[in-house]
Amino acid sequence: MKAFGWGVAAVVSAVILTVAGCAAAGGATNASSSSSPASVAGSVPLPTTTTVTDPVPTTTTPPPPPPRPSAPKPAIAQDRIRYGATRRAEMAGYAYRHYGVRSFRLHPKLIVLHFTDSGPGSYPGVHALFNSNTPNGGELPGVCAHYVVDQDGTIYQQVPLDLMCRHAIGVNDHAIGIEMIQQQGISSHWADQQILHRRPQIRSVLALVRWLQGRFHIARKNVIGHSMANDSPFFHDREGWRNDHTDWQAQDVRELRRRL
């Protein structure tokens, strides 16, 4: 019994030493890994989590480009012509005869470029002509344009953008008209080039066109010259009228479009 007692004591001592050694080893491990959670006696260790990432697809669709910011509105001087009830009724009658719609309302889808065939200082006369409401082609209302850009770069608005103006046959129901003060000279191409190389004027024209494009979502291809109106997809005239003007030739319009 005594020998057996010593044997039991030895076994117990060995177990105690083993447990103590494990505790010491565990303590050393915990000390070296301070970020590990403290062990709870009798608890089951938490399973190790594994992050699974989806495979990278072999083909991807590029994200759409960010929307193009709208161009800022340029400085515009308001110099409105008289466009009261009588002229609106005349415009609605003209639109009915030529477009089949009895309305004076404009639905902008097109910008038409013009020059006035008049020289420096002629803006007051151009404004007076638009304001006079003189018959043109035997019909009323008279001609007008929504904007006139002077050679010094001043932009004058003549008519609100929700009203039609007679400035280009066949497209007046969809076209915003921009006149530029310029004499025709030896040819329309020559006149266009004078405007394109007159910095104050062409800067204002480009700023105005960019702003109108953004406001009404008008594509660059729908910025045209008066000489191009007959070939526009928006052209239609129930009376069979056609444009015979040569201002703003196609080659010069292409140059202007490249600067937009």
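Trainee: What pattern does the chain follow, read along the sequence?

Mentor: Read along the sequence, the pattern is α-β-α-β-α-β-β-β-α-α-β-α, and the chain has 6 helices and 6 strands, where helices (H or I, at least four residues) and strands (E, at least two) are DSSP runs numbered from the N terminus. This is a predicted model, in which local features need pLDDT of at least 70 and side-chain atom pairs count only at pLDDT 80 or more, while totals for chains, interfaces and linings use all residues. Residues are numbered from 1 along each chain as its sequence is written, and side-chain values use heavy atoms, with hydrogens and water left out.

Trainee: What pLDDT does the chain average?

Mentor: The average is 83, and 73% of the residues score at least 70, pLDDT being the predictor's confidence in each residue, from 0 to 100.

Trainee: Why is the pair of Tyr 94 and Trp 241 called edge-to-face?

Mentor: Rings of Phe, Tyr and Trp (its six-membered ring) pair if their centres lie within 6.5 Å, and planes under 30 degrees apart count as stacked, over 60 as edge-to-face and the rest as tilted. Tyr 94 and Trp 241 are 6.5 Å apart centre to centre with 75° between the planes, so the pair is edge-to-face. Tyr 94 lies in helix 2 and Trp 241 in the loop between strand 6 and helix 6, so the pair ties together parts that are 147 residues apart in sequence.

Trainee: What makes Tyr 94 buried and Trp 241 partly exposed?

Mentor: Buried means under 20% relative accessible area, exposed over 50%, and partly exposed in between (1.4 Å probe, protein chains only). Tyr 94 has 0% and therefore counts as buried, whereas Trp 241, at 23%, counts as partly exposed.

Trainee: How do you know that the charged end of Arg 102 sits over the ring of Tyr 96?

Mentor: A charge sits over a ring if NZ of Lys or CZ of Arg is within 6 Å of the ring centre and within 35 degrees of the ring normal. The charged end of Arg 102 is 4.0 Å from the centre of the Tyr 96 ring, and that of Arg 87 sits over the ring of Tyr 83, 5.4 Å from its centre.
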